[in-house]
Amino acid sequence: MPTLFTDPRSGGVKKSSGVNVLPIVAETWEEVRDDTNSEVDWLIAGFDGSSKTDITLLKKGNGGISGCSSELPNSLACFGGCRLAKNGRFVTFFYADDGTPTMQKGKASMYKNGVLNVLQGSDCEISMRPGLTEDETVLQVSSDAGPSSAKSTTSYPTKSVSVKSVHAAKTKQREKEPSQVSASEGVSRKLVDRVLVPTFDQLETGAHVPYAILKDIRDPTDLPAWVDPLNREEALSDEDFSAVFGMDKEQFSSLPAW
């Protein structure tokens, strides 16, 4: 079952991800998704023997995240999914310990999206580790942006913020004297800085907008005044544009309309 992914440089054309997920993986995932099945609520998949492209079922069982995390393989990259006991939702993961061969870890990381796409219906991807329990996992599923990630409770809390709110928060912080900024506000400022670097207030009018910022803006009103919402790609630098579309702006403009 070769999986597909969308290459942005191809104009949305589906291309092969290069990985072949064997049917038994999808079949077992259906068992995991069956709420009436108390025998199977997690699975672990990985490379089939010496194959560098085939992904097969390695293990399955019950016990949710705790049961799955106790069965993670050593020195082997793997993928998997679990049904949560508390709310019946589903999560997926990619895991490779420090003993995993570098080449295998790299190959598996490139295949991750292709494999996890087979595990349909997942709410989010979690950071799996040996000994992880459901109580240690905080789900962070956004309301309108599709699945997001889940992290352990020791991670910083996150929330959805618009570019405007980030800008306002940073401006407010700059208006305070250093002595007025509390420790908690210092942490918040670090989190804000981590969201967008640089922010719009650091860009000159008419300047190129980094792709890392532009791709995450969903509300057109959050765009800088000089960016055309219908042609926002024109705000990219030549380097970013070529990386995303696989051609320069002149070649792009000469493409026939669809």
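Modeller: Thr100 lies in the loop between E6 and H3. Keep in mind that this is a predicted model.

Biologist: Why does Thr100 count as buried?

Modeller: Buried means under 20% relative accessible area. Thr100 has 4% relative accessibility, so Thr100 counts as buried.

Biologist: What makes the pairing of Thr100 with Asp97 a polar contact?

Modeller: The cut-off for such a pair of N or O atoms is within 3.5 Å. The side chains of Thr100 and Asp97 make their polar contact at 3.0 Å. The side chain of Thr100 also reaches the backbone nitrogen of Leu76, at 3.4 Å.

Biologist: Which residues is Thr100 in contact with, leaving aside its neighbours within four places in sequence?

Modeller: Those are Ser75, Leu76, Ala77 and Lys105.

Biologist: Now to the helix. How do you know that the span of H3 agrees with its 15 residues?

Modeller: At 1.5 Å a residue, helix H3 (residues 102-116) should span 21 Å, and its end C-alpha atoms are 21 Å apart, so the two agree. H3 also bends by about 40° at Met110.

Biologist: Which residues of H3 are buried?

Modeller: Ala108, Tyr111, Gly114, Val115 and Leu116 are buried in H3.

Biologist: And which residues have the most contacts inside the largest nonpolar core?

Modeller: Within that core of 22 residues, they are Val21, Leu43, Ile55, Phe79 and Val115. H3 gives the largest share of this core, 4 residues. A second, separate core has 15 residues, including Ile44, Cys68, Met128 and Leu132. In soluble globular proteins, nonpolar side chains tend to be buried together.

Definitions and conventions:
Residues are numbered from 1 along each chain as its sequence is written. This is a predicted model: local features need pLDDT of at least 70, side-chain atom pairs count only at pLDDT 80 or more; totals for chains, interfaces and linings use all residues. Side-chain values use heavy atoms; hydrogens and water are left out. Helices (H or I, at least four residues) and strands (E, at least two) are DSSP runs, numbered from the N terminus. The expected span of a helix is 1.5 Å times one less than its number of residues. The bend at a residue is the angle between axes fitted to the seven residues ending there and the seven starting there. Buried means under 20% relative accessible area, exposed over 50%, partly exposed in between (1.4 Å probe, protein chains only). A nonpolar core is a set of buried Ala, Val, Leu, Ile, Met, Phe, Trp, Tyr and Cys residues joined through side-chain atoms within 4.5 Å. A polar contact is a pair of N or O atoms within 3.5 Å; within protein, one must be able to donate a hydrogen and the other to accept it, and residues adjacent in sequence count only if both atoms are side-chain atoms. Contact means heavy atoms within 4.5 Å.
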